[in-house]
2 protein chains.
Amino acid sequence: MPTLTLTALSGIPLVQAGDDLAALTLQAMQRHGLTLADQDVLVYASKVISKAEGRFVRLRDVQVSAAARAIAHSCEKDPRLVELILQESREVLRVRPGLIIVEHRQGFVCANAGIDHSNVADDDDMVLLLPADADASARSLQQRLRQLGGVDVAVVINDSHGRAWRLGTVGVAVGVAGLLPLADRRGQPDLFDRPLQVTMLGIADEIAAAASLIMGGAAESAPIVHARGVPYTSGDGHLSDLLRPRQLDMFR
Amino acid sequence: MPTLTLTALSGIPLVQAGDDLAALTLQAMQRHGLTLADQDVLVYASKVISKAEGRFVRLRDVQVSAAARAIAHSCEKDPRLVELILQESREVLRVRPGLIIVEHRQGFVCANAGIDHSNVADDDDMVLLLPADADASARSLQQRLRQLGGVDVAVVINDSHGRAWRLGTVGVAVGVAGLLPLADRRGQPDLFDRPLQVTMLGIADEIAAAASLIMGGAAESAPIVHARGVPYTSGDGHLSDLLRPRQLDMFR
């Protein structure tokens, strides 16, 4: 019976820069009566990684460029926030009131470069950037979990992204370690023993979405989710495996 | 401890036109030692709904229009299949070799109008269309499950869609019943008691993605998934709640 069980690790204290997230994970699992096992997956909200990595910026410290000022004017956003969005991005795709769609430095397309005020700090001047290199963050967490827990797990860092043609955000992977984020089923037999034609499954994104369901919604009260039963292939995967190459992009 | 448990209901026989999917679901759950409860969610692969509804078409019976012939030439697809894609669609967004991106009659953007050869029948001439009205299919399943099981559950019909900027397909909802597919958290307090600004969570799509992880991948060996612990709000939701209105579409 293929069963997938996801547990939101509630009761994690507010994370501070420098905290050992792997240790916090194992402590929380212990409180929940869970023991880490090979083939488990741990999903971390990008925000908790960013906090542990100290990716806070005070808006009053930001120097605003002319480019940021012009875009801020056209989308009615704080010019200092727009400056940070530009610094975090490779390309601006669309600008609308309150919204800047960019290709983030790490390659994915998202709104406002993933920079957010909510759940950041008890201070309206403080914002939080995404992890500087979420794949590297995932890899170091995976290694630390092996060191502390003695097992090989996969790590997915998720964030909530909008979609081009659908409303509502969904959890997607912004960093991965220890798994192949795409499951390539091309050539495998279908139910009638004919080879499948086009089937690459974005399983890291599906894991990210599943975890997002129980992270406590917008309040992110449970920023770490433990998953057992995910049918993934271990391996040295990277976020870039999930990103559509520009020459195949039909909608930029 | 918020826990989400998804069980792939394996051992479902190959579904035929006219089969009672609600009865098959309850029988499979019984074999898995599960009893249906209020607030459960059942996720059905669109293909199993289509089969039960007899949405098979023989390619040799298709009359090809001039428009379909022209598009088929430019994308190197079977003109009869292209004809069906056009009949199932409101608008063609992009045409590339092997690929036609359309707005489906039911409003979502997807590749090839969701028409597929794989897992359909032991006959290369047979293809399967999506359910004619997946919301209606979900609603009648939900009512039949209430009738047979005596409880109120939500139903999500999922399909695998590609994304504009990411590789790999993910499960998304193409029909819903019994739940609000968007969770609107605007105005709720964040961790620091400030109101959240932009937060509409596409939870029906996240449920669809989670279930997709254990449906047996491309072979769809387990086309029905039972989910318990999904934090959703019951209500009369519709797929259209998840579709971005055209005036807000920045990427068509």
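Student: Which strands make up the open sheet in chain B, and in what order?

Tutor: In this predicted model, the open sheet of chain B has three strands in the order β4-β5-β6, with antiparallel pairing.

Student: Which strands are at the edges?

Tutor: β4 (89–96) and β6 (109–111) of chain B, since each of these pairs on one side only.

Student: What holds strands of a sheet together in general?

Tutor: Strands pair through backbone hydrogen bonds, parallel or antiparallel.

Student: How many bridges are there between β4(B) and β5 of chain B?

Tutor: Six bridges, in the antiparallel sense, with β5 covering residues 99–104 of chain B. In this pairing, B:R94 stands opposite B:I101 in β5(B).

Student: And how are neighbouring strands turned against each other?

Tutor: By 25° on average, with direction ignored.

Student: Which helix lies across β4 and β5 of chain B?

Tutor: Helix α3 of chain B, residues 66–75. Helix α3 runs at about 30° to β4(B).

Student: Switching to chain A. What domains does the assignment give?

Tutor: Domain 1 is made of 5–54 + 131–243, and domain 2 is 57–127. Their centres, taken over C-alpha atoms, are separated by 26 Å.

Student: How many residues does each domain put into the contact?

Tutor: Domain 1 of chain A gives 13 residues and domain 2 of chain A gives eight.

Student: Which elements supply the domain 1 side?

Tutor: α2 (46–52) and β8 (154–161) of chain A each supply at least two residues of that side. By type, the residues on the domain 1 side are six nonpolar, four polar and three charged.

Definitions and conventions:
Residues numbered from 1 in each chain as written. Chains lettered and ligands numbered in written order. Predicted model: local features only at pLDDT ≥ 70, side-chain atom pairs only at ≥ 80, totals over all residues. Domains from an automatic or database assignment. Contact = placed C-beta atoms within 7 Å. Helix = DSSP H or I, 4+ residues; strand = E, 2+ residues; numbered from the N terminus. Nonpolar A, V, L, I, M, F, W, Y, C, P; charged D, E, K, R; others polar. Pairing = 2+ DSSP bridges. Axes fitted to C-alpha atoms, helices over the stretch in contact; angles between N-to-C directions.
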